[in-house]
Amino acid sequence: MTAGQVLVIGGTSDARQICQQLDDANVRYTLSVATPTGQQLAGNIRGQVRCGRLEMDDMVAWLQHHGTRWVIDASHPYADVVSRNIAAACEQAQVLLSRYQRPEQLPDLTHPLLFYVATLEEACAKARELGERILLTTGSKDLARWREGLPDKTLLARVLPVPEVVAQCAALGFGVGDIFALCGPFSAEFNAAFYRQYQVEVMITKASGAEGGYLEKVQPALDAGIPCIVIARPQPAVSGEELLNSQDAFARRLRRWLAAQ
């Protein structure tokens with residue numbers, strides 16, 4: 001088996017744990033990450049690592065060139081466009097696709113200050129009603145859309161400490177007091193102090209699960225009387241037995257895959 005016959009996609013902690021399971025099973029594989037940051041987060045896995053974004057046609061060509069037989073999509077739960085491109089490429093190349101999607105944390109949590117929305121635009125509409133100083137903990141990808149949707153608010157961007165991300169924030173008009181380049185997840189105590197220190201009036205986040213520190217972000221905000229807006233996850237592009245929601249589920253799928261070889 002060559003390294004290209006199994007492809008793991010994603011620069012997440014989930015992807016790294018999947019790679020470690022493949023290492024333990026002595027399966028050769030390639031991990032595909034979009035950015036150098038994802039490459040760094042891969043750590044000391046034994047698989048090959050390729051870095052760079054792949055458009056759908058490029059992905060089809062890569063799968064066909066390497067004789068890929070199994071793709072494991074472990075990209076971020078909110079990387080909807082990426083996941084749908086992966087699904088389309090696997091369908092075109094006739095390659096088995098499994099989707100690993102970390103479970104949500106406290107999906108049924110309710111509170112008068114907790115607001116669930118389906119889209120970024122809905123989040124903007126709700127945030128306009130709730131406060132002036134708005135903390136964004138949703139990553140850097142959509143900062144321009146947040147700027148456009150909330151032009152009259154003070155936006156605080158908590159983003160990864162990567163030079164190009166900080167430069168992106170500055171180019172969008174975020175000042176030195178609005179950019180917080182930090183690598184999470186963070187404890188509830190840290191978040192509580194952060195909210196107090198920077199006088200956060202509204203916190204916007206995603207249902208990123210325990211790995212993303214979801215509860216540690218939301219609960220201190222609610223305890224402090226700060227409204228929280230949570231953007232719901234997109235529907236996965238994979239369903240049935242190929243939709244995996246825990247490392248144990250992946251371990252069982254891996255055993256079945258190995259048994260069929």
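Predicted model: local features only at pLDDT ≥ 70, side-chain atom pairs only at ≥ 80, totals over all residues.
Biologist: Where does P103 lie, and why does P103 count as partly exposed?

Modeller: P103 is in the loop between β5 and β6. Buried means under 20% relative accessible area and exposed means over 50%, with partly exposed in between, and because P103 has 40% relative accessibility, P103 counts as partly exposed.

Biologist: How far apart are P103 and F194 in space?

Modeller: From C-alpha to C-alpha they are 26 Å apart, and in sequence 91 residues separate P103 from F194.

Biologist: What makes the pair D14 and R102 a salt bridge?

Modeller: The rule asks for a side-chain nitrogen of Lys or Arg within 4 Å of a carboxyl oxygen of Asp or Glu. The closest N and O atoms of D14 and R102 are 2.8 Å apart, and the pair forms a salt bridge. D14 belongs to helix α1 and R102 to the loop between β5 (96-100) and β6 (114-117), so this pair ties together parts that are 88 residues apart in sequence. Both D14 and R102 are buried.

Biologist: How many salt bridges does the rule give?

Modeller: The count by this rule comes to 9 salt bridges. One of them joins the side chains of R84 and D80, at 3.1 Å from N to O.

Biologist: Where do R84 and D80 lie, and why does R84 count as partly exposed?

Modeller: Both residues belong to helix α4 (residues 80-93), where they are 4 residues apart, about one turn of the helix. R84 counts as partly exposed because its relative accessibility is 40%, and D80 counts as partly exposed because its value is 25%.

Biologist: What makes R145 and E121 a salt bridge?

Modeller: Their side chains meet at 2.7 Å, N to O, to be set against the cut-off of 4 Å. R145 is part of helix α6 (residues 143-149) and E121 is part of helix α5 (residues 120-130), so the pair ties together parts that are 24 residues apart in sequence. With relative accessibility of 36%, R145 counts as partly exposed, and with 44%, E121 counts as partly exposed. Salt bridges link E121, K141, D142 and R145 in a network.

Biologist: Which residues have the most contacts inside the largest nonpolar core?

Modeller: They are I134, L143, W146, Y195, I204 and I229, in a core that has 40 residues. A second, separate core has 21 residues, among them L22, V27, A74 and A249. In soluble globular proteins, nonpolar side chains tend to be buried together.

Biologist: How many cavities of 30 Å³ or more does a search of the whole structure find?

Modeller: The search finds 3 of them, and the largest cavity has a volume of about 40 Å³. Among the residues that line this cavity are G10, T12, R16, L31 and V33. The elements that give two or more residues to its lining are α1 (13-24), β2 (30-33) and α2 (36-41). By kind, the lining residues divide into 5 nonpolar, 4 polar and 1 charged.

Biologist: What is the value of phi for Q94, and why does Q94 count as exposed?

Modeller: Phi of Q94 is near 60°, which is a positive value in a residue other than glycine. Most residues other than glycine have a negative phi. Q94 is in the loop between α4 and β5, and it counts as exposed because its relative accessibility is 68%, where exposed means over 50%. Q199, in the loop between α8 and β10 (202-206), has a positive phi near 50°, and Q199 counts as exposed because its relative accessibility is 55%.

Biologist: What is omega near in the peptide bond from G184 to P185?

Modeller: Omega is near 0° there, and this peptide bond is cis. Most peptide bonds are trans. P185 is in the loop between β9 (179-181) and α8 (188-197).

Methods. Residues numbered from 1 in each chain as written. Heavy atoms only, no water. Core = buried A, V, L, I, M, F, W, Y, C linked by side-chain atoms within 4.5 Å. Buried < 20%, exposed > 50% of the residue type's maximum accessible area, 1.4 Å probe, protein only. 1 Å grid on protein atoms, 1.4 Å probe; cavity = no way out; pocket = protein on both sides within 12 Å on 5 of 7 lines; lining within 4 Å. Points joined across faces, edges and corners; volume = space filled by probe spheres on them. Nonpolar A, V, L, I, M, F, W, Y, C, P; charged D, E, K, R; others polar.
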